[in-house]
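Hello,

Here is the structure I promised to hand over. Please open it before you read on.

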Amino acid sequence: MILSKKYKFIFIKGRKVAGTSVEIALSGVCGPDDIITPITPVDERARMAYGGGARNYGEDRETELAYLRLIAAANSDELGRINLLKGRYRHHMSLREVAQAHGDISGFRIVCVERNPYAKLISWANWKVAKAHYLVGGGLRAEEGLLRAYLAASLADGTAAEARNIDLYRDANGHLGVEVLHYERLARDFACFVKSLGIASVPELPHAKQGMSASSETAADFFPPGHRRIINEMFAEEFAAFGYAPADTNPH
């Protein structure tokens, strides 16, 4: 999550939508008083190289700086044992939680990244299966059989709804007034947003947490018809709100 007092925007970070990449890039243009919450230590190190870094999310700036020094000095195999430093603000906060922590947020633009729900679920499951390896500096790609098994189980028991982000973006009245950067055209949408802030030089988007993914055009084909029916119902609001079409659920 980023709350930029300098540019008057709040970035709400959804799950498995390339939010970390956008967060790293935006951190580099934010002001010293802006609120930037911690991310996974391996990604925090990458953000520090971009000129950013978590700040102003807790009550004690020296503690925040000591945390960044710890990450900078750690070996790759030590990064996975560093816990995110907790503070008043945290990653994946909802807009309502941000408003409760900060107070009046009228006048702030609210921005997020979203993607096709089928592709998002593949990325979400890949993270769940492969994250232990990634957190200590390894790759982020699950074996396909394990990925399919995890998706089948999570769709059956409903835990796949964790990848449903839409409620993170609602205000206290349930209103959805968010500017959406679409994953499928992220470089273009991100550049337009940054330029609209009055920033002439658009920072390059890094490829954070790059693992298994699928295009919007092919992601639905990864799922059998029964799973597509569950996804279409579970993510019905997101399909409608973010401009994606549910796939056919009839067997071919």
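Below are my notes, from the helix packing to the rings and the loops.

This is a predicted model, in which local features need pLDDT of at least 70, side-chain atom pairs count only at pLDDT 80 or more, and totals for chains, interfaces and linings use all residues. Residues are numbered from 1 along each chain as its sequence is written, and side-chain values use heavy atoms, with hydrogens and water left out.

Helix packing

Start with helix α2 (residues 41–49) and helix α3 (residues 61–73). Helices here are DSSP runs of H or I with at least four residues, strands are runs of E with at least two, and both are numbered from the N terminus. The axes of α2 and α3 lie 9 Å apart, at an angle of about 95°. Axes are lines fitted to C-alpha atoms, for helices over the stretch in contact, and angles run from 0 to 180 degrees between N-to-C directions. The pair is therefore roughly perpendicular (65 to 115 degrees; under 35 is roughly parallel, over 145 roughly antiparallel, the rest oblique).

On the α2 side, P41, E44, R45 and M48 make the contact (heavy atoms within 4.5 Å). Their partners in α3 are Y67, L68, I71, A72 and A73. By class, this contact has seven nonpolar, two charged and no polar residues. Ala, Val, Leu, Ile, Met, Phe, Trp, Tyr, Cys and Pro count as nonpolar, Asp, Glu, Lys and Arg as charged, and the others, Gly among them, as polar.

The buried residues of α2 are P41, V42, D43, E44 and R47. Buried means under 20% relative accessible area, exposed over 50%, and partly exposed in between, with a 1.4 Å probe and protein chains only. Just after α2, G51 has a positive phi of about 95°.

Aromatic rings

How many aromatic pairs are there? The count comes to six. Rings of Phe, Tyr and Trp (its six-membered ring) pair if their centres lie within 6.5 Å; planes under 30 degrees apart are stacked, over 60 edge-to-face, and the rest tilted.

F9 and F193 pair edge-to-face, 5.5 Å centre to centre with 85° between the planes. F9 is in strand β2 (residues 9–11) and F193 in helix α8 (residues 186–196), 184 residues apart. F9 is buried at 0% relative accessible area. F193 is buried too, at 3%.

W124 and Y150 form a tilted pair, 5.6 Å centre to centre with 55° between the planes. This pair joins helix α6 (residues 117–134) to helix α7 (residues 144–157), across 26 residues. W124 is buried at 2%, whereas Y150 is partly exposed at 30%.

Ring pairs also link Y118, F222, F223 and F239 into a cluster.

Two arginines sit over rings. R115 lies over the face of Y183, 3.8 Å from the ring centre. The charged end of R148 is over F222, 3.9 Å from the centre of that ring. The rule asks for NZ of Lys or CZ of Arg within 6 Å of the ring centre and within 35 degrees of the ring normal.

Loops

K8 is not a glycine, yet has a positive phi of about 60°. K8 lies in the loop between β1 (2–4) and β2, and is partly exposed at 36%. H92 also has a positive phi, near 60°. H92 is in the loop between α4 and α5 and is buried at 16%.

S94 is in the loop between α4 (76–79) and α5 (95–102). S94 is buried at 11%. Leaving out residues up to four places away in sequence, S94 touches I12 and L168.

Best wishes
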